[in-house]
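Subject: Structure handover

Hi,

Here is the structure I promised to pass on. Please open it before you read my notes.

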Amino acid sequence: MLEIVSRDQPRLVAWAQAVIGCRFFPDAQAIGWGDERRLRAVLVYDCWTEADVHIHLASDGTGRFGSRSFLAAAYHFPFVTAGKRRLTGLVPASNAAALRLNLHMGFVREGVMRRAGDDGEDIIILGMLREECRFIPREHRGA
């Protein structure tokens, strides 16, 4: 049975790093969706500030990670538990599927970091404010 996985932080972060092909900052925290044997998706949060945290999604490619409970946990953690005002997502310009998913989730395109990718590719900056998040209860959306 698939469930939210948060117990083994090093395993979750390492899995996401391997899937995405990047290294996260030492302040990284993660939640996963799967079971003890197999992960379907991991969300990593890093670059924590007083107001903001960066969010990264790694998946096994099946697209079977969009359960309501995982989405609720994905946004509850940074906005409610950690009290952040915003989330920042950075997506390579060539990753149309990730860009579409982020926009569908409610992120807003905020700008472009020109040639900021490791290979010189442009990176799209996306943001979501707590009051814009439809995945947390209204009483937690206060500006």
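Below is what was found, starting with the overall build and ending with a few single residues.

First, the ground rules. This is a predicted model, where local features need pLDDT of at least 70, side-chain atom pairs count only at pLDDT 80 or more, and totals for chains, interfaces and linings use all residues. Residues are numbered from 1 along each chain as its sequence is written, and side-chain values use heavy atoms, with hydrogens and water left out.

**Overall build**

The protein has three helices and seven strands. Both are DSSP runs numbered from the N terminus: helices are H or I with at least four residues, strands are E with at least two. Along the sequence the pattern reads β-α-β-β-β-α-β-α-β-β. The radius of gyration is 15 Å, close to the 15 Å that the globule rule gives for 143 residues, so the protein is as compact as a globular protein of that length. That radius is taken over C-alpha atoms, and the rule is 2.2 Å times the number of residues to the power 0.38. The C-alpha atoms fill a box of roughly 40 × 35 × 25 Å along the principal axes.

Buried residues make up 41% of the 143. Buried means under 20% relative accessible area, exposed means over 50%, and partly exposed lies in between (1.4 Å probe, protein chains only). A contact means heavy atoms within 4.5 Å. Of the contacts with a separation of 6 or more, 54% join residues 24 or more positions apart.

**The sheet**

In what order do the seven strands lie? They form an open sheet, β1-β2-β3-β4-β5-β7-β6, with mixed pairing. Two strands pair if DSSP finds at least two bridges between them. β1 (3-5) and β6 (108-113) stand at the edges with a single partner strand each, so one side of each has no neighbour in the sheet. From one strand to the next, the twist averages 25°. Axes here are lines fitted to C-alpha atoms, for helices over the stretch in contact; angles run from 0 to 180 degrees between N-to-C directions.

β1 and β2 pair in the antiparallel sense over three bridges. Valine 5 stands opposite glycine 32 in β2. Helix α1 (residues 9-20) packs on the sheet and touches β1, β2, β3 and β4. Its direction makes about 100° with that of β3.

Now look at β7. Five of its seven residues are buried. β7 pairs with β5 in the antiparallel sense over seven bridges, and threonine 88 stands opposite glycine 127 in β7. β6 and β7 are also antiparallel, over five bridges. There, leucine 126 in β7 is the bridge partner of arginine 109. Helix α3 lies across β4, β5, β6 and β7, at about 15° to β7.

**The cores**

A nonpolar core is a set of buried Ala, Val, Leu, Ile, Met, Phe, Trp, Tyr and Cys residues joined through side-chain atoms within 4.5 Å. The largest one has 24 residues. Those with the most contacts inside it include Leu43, Phe79 and Cys133. Helix α2 (68-81) is one of the elements that supply at least two residues. A second, separate core has eleven residues, among them Ala16 and Val42.

Beyond its neighbours within four places in sequence, leucine 43 is in contact with residues including Ile31, Leu57 and Phe70.

**Cysteines**

Cysteine 133 counts as buried because its relative accessibility is 0%.

Is glutamine 17 buried or exposed? It sits in helix α1 and counts as buried, at 15% relative accessibility. Leucine 103 is in helix α3. It is partly exposed, at 41%. Leaving out residues up to four places away in sequence, leucine 103 touches Arg109 and Leu126.

Best wishes
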